[in-house]
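Subject: Structure for you to look at

Hello,

Please find the structure below. My notes come after it.

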Amino acid sequence: YQRRVHGDIPYHFRQHSSFYYLTGLDDANAVMCLQKTGSDVRFGLFLTIHDSDSAMWHGVTTCQDTAVGHFHCDYAHHLSTLPQSLGALLDSKPAPTLYYQQGHSPDVDRTMAPIITNLGRPAVNAASVLQQVRRTKSDADVEMLRRAAGVSQACFKEAMQVTAPGLTEHDVFNCLEFVARLHGARHLAYPPVVAAGKNALVLHYIKSTQQLRDGDLLLVVNTLSSNKPTPCPFPLPPPKAGRWCRIPRLHQRRLTNVACQWQVHGVSARSLLCRSGRAAEHDQAVRQHAQPLRATA
């Protein structure tokens, strides 16, 4: 679902991460359908009609004719056929269980409302199921996380070099995004927190308008891959080069080292990546890696 700034000018589209994880499709206005009957699983896509005028202005998007070959789905239909297709799939005895994530697309929610009503019982929230599925990491997932962590490392190193009094938080934000894209990231996973001084105490601070003053602590929290590696807070050195400051009850160098160690454990430890059936071990590993942070408090 793609929102518009005004008229025919769209916002930059950011695909829903779970949808991209399952399909690899980065186009807006698309629906995926997974149907499981016994051991048989069918994967379908519902897409918008290819529009040559839209392609001229915004670029080519995936159409029904190419989706099967590109994304290895079993079928691809036009989005307008979604109500009829789902109605036929759900019109069986015993009534199947429907998994659906509401609230992401108002248009699809309106389409799904009568279908769920006719089903006779609420749909199961697909988000909670997908969260559990995504906790299990393949070797390819682990390698992707390592690459994303490498990009993040390059971003923070460059930010530490350019940070100086007189710059603004937004200047550091721009540095992070520029280096991330320079190293192959398609976009930021989410707006980074770049908070100087008292702004570091504001949860999810993203205004990034304050000027950096000499001696300020600059807190940067970011993940710089479209596939979201483990987020980690990095307090950068104060703008005055070559000097570490003393902050209440915490020494900045020690806090930074602990944060770096936690990031290394979070990306590399297989137990923390929660292989199948090891959720309890995952939770225990999180508690263990959090101990150094508690010790600095």
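The notes cover a helix pair and then salt bridges.

This is a predicted model, in which local features need pLDDT of at least 70 and side-chain atom pairs count only at pLDDT 80 or more, while totals for chains, interfaces and linings use all residues. Residues are numbered from 1 along each chain as its sequence is written, and side-chain values use heavy atoms, with hydrogens and water left out.

Helix 4 (residues 82-90) and helix 5 (residues 106-119) pack at an angle of about 20°, their axes 10 Å apart. Helices here are DSSP runs of H or I, at least four residues, and strands are runs of E, at least two. The two helices, helix 4 and helix 5, are therefore roughly parallel (angles under 35 degrees). On the helix 4 side, L82, P83, L86 and L90 make the contact, and on the helix 5 side T111, M112, I115 and L119 (heavy atoms within 4.5 Å).

The structure holds 4 salt bridges (a side-chain nitrogen of Lys or Arg within 4 Å of a carboxyl oxygen of Asp or Glu). One of them joins R186 and D26 at 2.4 Å, N to O. R186 lies in the loop between helix 8 (169-182) and strand 8 (193-196), and D26 in the loop between helix 1 (17-23) and strand 3 (31-37), so the pair ties together parts 160 residues apart in sequence.

Another pairs R110 with D107 at 2.2 Å, N to O; both lie in helix 5, 3 residues apart, about one turn of the helix. R181 and E177 also meet in a salt bridge, at 3.3 Å, N to O, and they are 4 residues apart in helix 8.

Regards

Definitions and conventions. Axes fitted to C-alpha atoms, helices over the stretch in contact; angles between N-to-C directions. Parallel < 35°, antiparallel > 145°, perpendicular 65-115°, else oblique.
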